[in-house]
Structure formats: C-alpha cells, structure tokens
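This report describes the aromatic contacts, pockets and cavities of one protein model. The structure is shown first, and the description follows.

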Amino acid sequence: MSDEMVEAAWAALARQGARLKAARIDSLFAADARRFARFSREGAGLLLDISKNRIDEEALAALLALAKGAMLEEARGRMFSGERINVTEHRAVLHVALRAGNDAGLVVDGHDVLPDVRAVKARVEAFAEQVRSGAWRGFTGKPIRHVVNIGIGGSDLGPRMAAAALSPHLADDLALHYVANVDGADLAGVLDRVAAEETLFIVASKTFTTQETMANAASARAWLRDQGAEEADVAKHFVAVSTNAQAVAAFGISAENMFPFWDWVGGRFSLWSAIGLSLAIGLGSEGFEALLSGAREMDGHFLEAPLAENLPVLLALTEIWNRNIEGHRARAVVPYDERLALLPAYLQQLEMESNGKRLGLDGEEALHATAPVVWGGAGTNGQHAYFQHLHQGTDVVPVDFIAAIAPDHGLAGHHRLLMANLFAQGEALMRGRASPDGNPHRAFPGNRPSTAILMDRLTPERLGALLALYEHKVFCLGVLWGVPSFDQWGVELGKELAGSLLKGTGVPSGLLGWYNSRARQEDKL
C-alpha cells in the first residue's frame, strides 16, 4: 500500500477520534450489554480486555484497517522468516527462534540457525543441572548456594524480573542475586550477603566491554581473591554469557564456560537466550523450558490468529488509539501481584528503548508521536501513592492492569481482596463520581481508559506468554509508527562521553568542575 493510502487510513482514524471525542466509556457500556464480549479476546492462556478504552466497533474497524494498510501481516512474516528487518544495523530479529519448537527450522543467509540455538540451550541446561545438583563446586569443595548475575539493561532486567515473578518455582537451596548499577553500593550489598566459596558469578555482556558490567565483574573477581581464592580458582566461580571469547579468556574464564548468543538477539529481547542462565539454574531445565513454551504459544497465536482476534495486535492498536488519537503521553503498568513488581521497569526498557524514536525507517522525522512514557508499580501499593494522579490529575494516563486469577499462597481472603481492588480501580477510572456532598475536591471525572490482562496462575508458561505478548506489541507499534524498533543508538552518546571524561579527554561542564573540586576535598578527609 502506498504512503498516501496509509495516511488516508490515519486520517480515517482521526475522524473516528473526533466522532467519539465527547463519548464516555461508561455510556458505551450502558448502550451495549455485550461490550465486554465484543472487546475481549483470549489466547495463549491470557485474557485481554480492552473494553474500558474509549473505542467502539467502528473505531476498532478503523484501527484494524490501519494495521492492514500498514501491511502488518506481511511485516510479521518477514520477521518470522529471518529477514533483516533491523535495517539500521542490517540484522535479522530472531528472538522468536530462541523458543522455537524442536521440529522447526529457520534459515538465515543460507544457514539454519536453530541447531545452533538448540546446542547452546543444551549447554545452558547441562551447566544449570551441574550447579543445581551440587556437582559444580567452589574452591573449597563446597557446592554453589549463591548465583550472582552481573549485567545491565537487557542482561539484567529480564532475568531479574522473571526470577522475582517465579520465586515460588525456584530451587529452595539456591539464591539468585542481580547486580547492574556501577554504583558500588549495588555490588557491595550483594557481596555482604554471600560466601565466596559458595558463590558463582555470571558475567553477562555480549561484547564483554560494557563499562558498568566489567567494572562490577573486576571488583567481584578481586573480592574473590581477597577471600582466599587463587588465580586458578577464578574459573570455578565465574562463567560468561558473551560473544567475545578473547576477552572472556583474558578475564580468566575458560572457553567451555562461555555461553554465546547472536547479533540477531537484541538485549531487551534476550531473556530466552543464554542471558537466562541464572533462570535456568533457579528453575531447572523443566521450568526454563516451560517459560520458553509459554512464549512459543504466544508466538503461534501472534503468527496465526486473524488481526481482529490477535492479542498483540489489539494491544498495539489500543495504544495507537490512546497515544495518537487521544493524545495521551504516558501509560501506567500496574500488576496486581507483588511478584510482578519489577514488570513495569522491564516493560519500560522494552517499549521505550524500542520505540522511543524520533526518526522513521527512512531517516526522516516520524509522522506520528511514538512511544509514550511507561511507568508504574505493583497494586495495591500504588493506590496509596500515584493513583491520586491517575484519578484526578490533569493528564489522563491509560493503565494496564495485570493479574492472576488464583494465587500461589494459602493466606485466606488476601487474593479476593487484591482482585476486588483491581476491578474497583478499573471501574472507578471509567465511571468517576459526582461529589457526594457538593465538595468539588471529592469529585472524580472518570472516563479514564484502562486495559486488563488476566491469566489463571503466574506460572513459567503464563509469564512466558505475557512477556511475548508485549514483545510482539512492540513490533506491531514499530510497524504502525514506521520506526526502527530494534536498535538503540540513543544510549550510545552518554556512554561515549562518560568514557572520554574518565580518560580526561572530555570537556568538563561547570557541574563536573564543581564535583571534581568537592571530590578532591572529600578524598583529603
């Protein structure tokens, strides 16, 4: 379809927005007893409910027409077939290959990548079993009881979030720890809680040159030596997830303990690769495979379901409506599950690093506003903090509510209270309330959109499906906005300047000069 026709689809969508400008979501419900059924779908063990957004069937039809016009289905096929859709880096985008079935094949540039994927996965699972069984031992002969993942960004956020989410499924006799911040307080806080002779460090860096990761790894290595380990013992306590074999060997990690991944795996999409080594250790092979299988089920749904029934597509189109038609600049993610408290931060990177772009694929200014600010936190805690802003603030912020139908604990009454709050907040945002006593400060405007995503239980399978849902949503939005979702050039400049300042070659600003002067004074104390 031509650019003119795509813009015509956007124009038609804008007309739908103008038509519904004065509509209220609660009135749409009142006019249609079947609204929930019309605007909710199930797939891969998840329920998606978009009924509390200010759309009707005519508006949804216009959104679907935009997806058709932007040739979303064709773009989806190109990703799954291994084409180099990461055009700014000339790479394929194949995180879906990391969870493909054993009978699948995927040829990229004449090479089937899936045997390589399976080989690395088998090595990951075999090593994980060595650690879990106690066969892998530290320098005094004791088994490993602490696993410390040292990474940052996608090498940290995904495994850290998933480990917290799946905590009931982790081995009881192993503790997983995550270090990312170059602030020494992060690493020091972990080292204070572990014993060197029982600790395994996973250094996760594709290039093995990431400033923060390598600084933390070097300090952990020095700490290990200070605790009595010899130089030869480093290999017993450090493994690497990387592609830089030379740098890994120079650090003291043996080649058989380096787990590779590929340039077609973006960091924020890498949870399913060897970056998930800590999860494989914590969950075991069966649990890790369950996580992958849940994502694989969502992959199949995304690839096969018609657009009007397709959860990632509908979730993306809802964001198009709220961001581009209604003009909302932010979205809150509120999981009503304490174990998913880190999910908003994970999605913040996934969405804002992927689609926080001002240029389109052609290098010209994007024609439409792109990724909104993503933020949030666990319910019900948020109700006593930022929900004031959601209900009565000057900016309307759409909300994603996420929850499991059944808990994994036996505390009577807690889950019903939790879920009652989730449903009540969605209703309150939608309905609002006139002041009960004439006090305008007690009035709520309502008509504020929200989306709900529910699953039966928070299991490895369902978490895998949930994360894949958002991954594919990001892909869809990139196609609809026409932006390159799979690069992250915006993170480079700060790194370069930090490196030059450390070498003394950067130009100091006034603030840096003040800091250096004050730091020298502190050093003398």
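## A buried aromatic pair

Phe302 is buried, with a relative accessible area of 0%; buried means under 20% relative accessible area, exposed over 50% and partly exposed in between, with a 1.4 Å probe and protein chains only. Phe475 is buried as well, at 4%. The model is predicted: local features need pLDDT of at least 70, side-chain atom pairs count only at pLDDT 80 or more, and totals for chains, interfaces and linings use all residues. Residues are numbered from 1 along each chain as its sequence is written, and side-chain values use heavy atoms, with hydrogens and water left out.

Rings of Phe, Tyr and Trp (its six-membered ring) pair if their centres lie within 6.5 Å; planes under 30 degrees apart count as stacked, over 60 as edge-to-face and the rest as tilted. The count comes to 13 aromatic pairs. The ring centres of Phe302 and Phe475 are 6.1 Å apart and their planes stand at 80 degrees, so this pair is edge-to-face. Because Phe302 lies in helix α12 (residues 277-304) and Phe475 in helix α17, the pair ties together parts that are 173 residues apart in sequence. Helices (H or I, at least four residues) and strands (E, at least two) are DSSP runs, numbered from the N terminus.

## Other aromatic contacts

One aromatic cluster is formed by Phe201, Phe208, Trp223, Phe238 and Phe251. The ring of Phe251 also has the charged end of Arg221 over it, 5.5 Å from its centre. A charge sits over a ring if NZ of Lys or CZ of Arg is within 6 Å of the ring centre and within 35 degrees of the ring normal. Arg35 likewise lies over the face of Phe29, at 5.4 Å from the ring centre.

## Pockets

On a 1 Å grid over the protein atoms alone, a cavity is a set of points where a 1.4 Å probe fits but cannot get out, and a pocket is an open set with protein on both sides within 12 Å along at least five of seven lines; lining residues have an atom within 4 Å of a point. Grid points are joined across faces, edges and corners, and a volume is the space filled by probe spheres set on the points.

The largest pocket has a volume of about 940 Å³. Its lining has 37 residues, and Thr210, Gly267, Gln488, Glu492 and Lys495 lie nearest its centre. α9 gives the most to this lining, with three residues. The second largest pocket has a volume of about 790 Å³. It is lined by 34 residues, and Leu361, Val479, Trp481, Gly482 and Val483 are the closest to its centre. Here α17 supplies the largest share, five residues.

## Cavities

Four cavities of 30 Å³ or more are present. The largest cavity holds about 80 Å³ of space, and its lining includes Leu98, Trp262, Trp272 and Phe288. Helix α6 (residues 114-133) gives the most to that lining, with four residues.

The second largest cavity holds about 60 Å³ of space. Among the residues that line it are Asn53, Glu319, Arg331, Asp400 and Lys473. The largest share of this lining, four residues, comes from α13.
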